[in-house]
Amino acid sequence: MDLLIYVQSSLLGITVIDDLVNLLQFPFMQRAIIGAVLMGILGGLLGSFVTLRQLSFFSHAVGHAALVGVALGVLLNTNPHWMLLPFTLIFGVIVLYLIDKTDLASDSVLSIVLSGALAIGVILSSMIKGYRGNLMAVLFGDILAIDNTDLILTLMVLVGSSIFLLSTLRSQILLTLNPDVAQVQGVPVQLYRYGFVILLSLAVAVAIKAVGVLLVNAFLVIPAATAKLMSHHFSRFLILSVIVGSSSSIAGMMVSGVFNLASGPSIVLVQFLVFVVVFAWVKLGLNAA
């Protein structure tokens, strides 16, 4: 009996490997894997600063408000993703400007603007007649549908983010820890803040096609939160965040391909499970100590 179970398990393992090898022969799967890695690295890099600067709700707001850009694209019979890029960029900059110019707390401003944008998005969506496949795809994501243009855009945002953040890393860390001290030290705080928001908005826009509006924030937050549990040293935290983001994206794609599940949710599910495992391991380790 034990031998039979062992043989069946071995055959199942071989079948799974064969399925993965066969899937990797398709160009769409190759593009999806490359896109998942690029987006995982981008999410880990920007997510590190998003988590430490407490901008999780900001990226959440930008992602959900992107529904307006998507609905406009569908109504105007243009590619929703081309409307998505400028809209998320403009929205992110306007929100940061409103936060700077009002006495309200940032979460209040974000809630107000997000609610208004969502209301507009829902109204515009209700005006769409007939097939709404483009709208649904953007809401829930489909990384298997990304093309070479999407890969180039993602790579451009990743390269731009890496150059901007890593070339000014010491100033970025100081700005993250204490903006007032950074201002006194001569760091161009406003320029760096708006530059980061622009990159964050673009990252949200390119990731929406992969994981959808509803899950894009998890793509930025979960890998960084997992890395933060493992290390409080900034350099290690940053590297671990990128590793978790990219590796969990690949694992999520594998799970999606083998079990025929939705790709975006599969990636986020793997990221969530990794977070739970790391959280349990850290807590158990602390308790044991």
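1. Basis. Because the model is predicted, local features need pLDDT of at least 70 and side-chain atom pairs count only at pLDDT 80 or more, while totals for chains, interfaces and linings use all residues. Residues are numbered from 1 along each chain as its sequence is written, and side-chain values use heavy atoms, with hydrogens and water left out.

2. The largest pocket. On a 1 Å grid over the protein atoms alone, a pocket is an open set of points with protein on both sides within 12 Å along at least five of seven lines, a cavity is a set where a 1.4 Å probe fits but cannot get out, and lining residues have an atom within 4 Å of a point. Grid points are joined across faces, edges and corners, and a volume is the space filled by probe spheres set on the points. The largest pocket holds about 420 Å³ of space; 17 residues line it, and Arg53, Gln54, Leu55, Leu96 and Arg193 are the closest to its centre.

3. Where that lining comes from. Helices here are DSSP runs of H or I with at least four residues, and they are numbered from the N terminus. At least two residues of the lining of the largest pocket come from each of helix 3 (56–75), helix 4, helix 5 (106–126), helix 8 (169–177) and helix 10, and helix 10 gives the most, with 4 residues. By residue class, the lining of the largest pocket has 11 nonpolar, 3 polar and 3 charged residues, where Ala, Val, Leu, Ile, Met, Phe, Trp, Tyr, Cys and Pro count as nonpolar, Asp, Glu, Lys and Arg as charged, and the others, Gly among them, as polar.

4. The salt bridge. With a salt bridge taken as a side-chain nitrogen of Lys or Arg within 4 Å of a carboxyl oxygen of Asp or Glu, the count comes to 1. Arg193 pairs with Asp100, and their closest N and O atoms are 3.1 Å apart; the pair links distant parts of the chain, Arg193 in helix 10 and Asp100 in helix 4, 93 residues apart. For accessibility, buried means under 20% relative accessible area, exposed over 50% and partly exposed in between, with a 1.4 Å probe and protein chains only. On that scale Arg193 is partly exposed at 22%, and Asp100 is partly exposed at 30%.

5. Aromatic pairs. Rings of Phe, Tyr and Trp (its six-membered ring) pair if their centres lie within 6.5 Å, and planes under 30 degrees apart count as stacked, over 60 as edge-to-face and the rest as tilted. The count is 6 aromatic pairs. Phe87 and Phe91 are stacked, at 6.1 Å centre to centre and 20° between the planes; they stand 4 residues apart in helix 4 (residues 80–101), about one helical turn, and Phe91 is buried at 9% relative accessibility. The rings of Phe275 and Phe279 are also stacked, with centres 6.1 Å apart and planes at 25°. Both of these residues lie in helix 13 (residues 263–288), 4 residues apart; Phe275 is partly exposed at 25%, as is Phe279 at 39%.

6. An aromatic cluster and a charge over a ring. Phe49, Phe196, Phe234 and Phe237 form one aromatic cluster. Arg53 lies over the face of Phe196, at 4.9 Å from the ring centre, the rule being that NZ of Lys or CZ of Arg is within 6 Å of the ring centre and within 35 degrees of the ring normal.

7. Two loop residues to look at. Gln54 has a positive phi, near 55°, in a residue other than glycine; Gln54 is found in the loop between helix 2 (27–52) and helix 3 and is exposed at 71% relative accessibility. Asn260, likewise not a glycine, has a positive phi of about 55°; Asn260 lies in the loop between helix 12 (234–259) and helix 13 and is exposed at 70%.
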